[in-house]
Amino acid sequence: MTDTDVRPRPKKKGLTRRQKRRLSRGIQYVVFVAAVIAAAVSADWGRLQNQFAQGGIARQMWPDVLTLALRNTVLYTVSGFVLGLLLGLVIALMRLSSVGPYRWVAGIYIEVFRGLPALLIFVFIAVAVPLAFPGAEIPGGTYGKGALGLGLIGAAYMAETFRAGIQAVPKGQTEAARSLGFSPARAMVSIIIPQAFRIILPPLTNELIMLFKDSSLVLLLGVTLEERELSKFGRDLASTTANSTPILVAGLCYLLVTIPLGFVARRLEARAQEEIK
């Protein structure tokens, strides 16, 4: 063996994998900071403040923006969510039924109402329903129509959520209930649905957030001054004052509800993951 055989191999030149990752991360931070600085420097903050941040106009909205607009928005959302929850559960059970026509009707409903824009559903309720049923009135007036529109939209999504939750419950639960003498219907109501509901709580919270935002479409139903939700309330004042501050305030009120709900949804998802582990 010669001296050349035991001579140490020269180290490879260049960056290690860890160094490359650090360099890439550093470049991304630099690009992000540069983009933020460029946007901050180039924006006309004076014009933005004049158009969107007029304190006097914002004070004019108080307290009606909370006691009227936000209250109506929450009322539309909660009533639509409850209706969608009940209807979605029925449709999910129909989708899982062994009776063919039930499955077909449920499948058609889900595909149609998930495929149509929410705007068209509210237009249908405002225009087509009175033409199809002359003289018939939806209970609750505008509040009832708003709940119906949001409920029809939410039910299509909640039905699939319920179906996934029911199918996620271990089959052993059904077998154990049947061995104890439970009928299929009783086993579904007493054993399966409660467990499925616990599984689908996080996505249901996301559905609630979606309906809260879709409640802005209630304005298509022709609301009165006392029935206005946040979007209609903000747009009316923006038109009256020729300023966009009311729209910004309405947006902040939306965030006042959606951010805490989003936090709750993330906590529920994290808890569900911990229970799985």
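## Contacts and overall fold

A contact here means heavy atoms within 4.5 Å of each other. In this predicted model, 79% of the contacts with a separation of 6 or more are between residues 24 or more positions apart.

As for secondary structure, the protein has twelve helices and zero strands. Its radius of gyration is 28 Å, whereas a compact globule of 277 residues would come in near 19 Å. Along the principal axes, the C-alpha atoms take up a box of roughly 105 × 70 × 30 Å.

## Surface and charge

Of the 277 residues, 32% count as buried.

## Salt bridges

Side chains of opposite charge can pair when their charged atoms come close. The whole structure has five salt bridges. One of them pairs glutamate 160 with arginine 95, with the closest N and O atoms 3.1 Å apart. That pair ties together distant parts of the chain: glutamate 160 sits in helix H7 (residues 141-168) and arginine 95 in helix H4 (residues 64-95), 65 residues apart. Glutamate 160 is buried at 16% relative accessibility, while arginine 95 is partly exposed at 28%.

Glutamate 160 also meets arginine 163 in a salt bridge, at 3.1 Å from N to O. These two are about one helical turn apart, because they lie three residues apart in helix H7. Through shared partners, Arg95, Glu160 and Arg163 join into one network.

Over in helix H5 (residues 100-115), glutamate 111 and arginine 114 are also three residues apart. Their salt bridge has its closest N and O atoms at 3.7 Å, and arginine 114 is partly exposed at 34%.

Conventions
Residues are numbered from 1 along each chain as its sequence is written. This is a predicted model: local features need pLDDT of at least 70, side-chain atom pairs count only at pLDDT 80 or more; totals for chains, interfaces and linings use all residues. Side-chain values use heavy atoms; hydrogens and water are left out. Helices (H or I, at least four residues) and strands (E, at least two) are DSSP runs, numbered from the N terminus. The radius of gyration is taken over C-alpha atoms; the globule rule is 2.2 Å times the number of residues to the power 0.38. Buried means under 20% relative accessible area, exposed over 50%, partly exposed in between (1.4 Å probe, protein chains only). A salt bridge is a side-chain nitrogen of Lys or Arg within 4 Å of a carboxyl oxygen of Asp or Glu.
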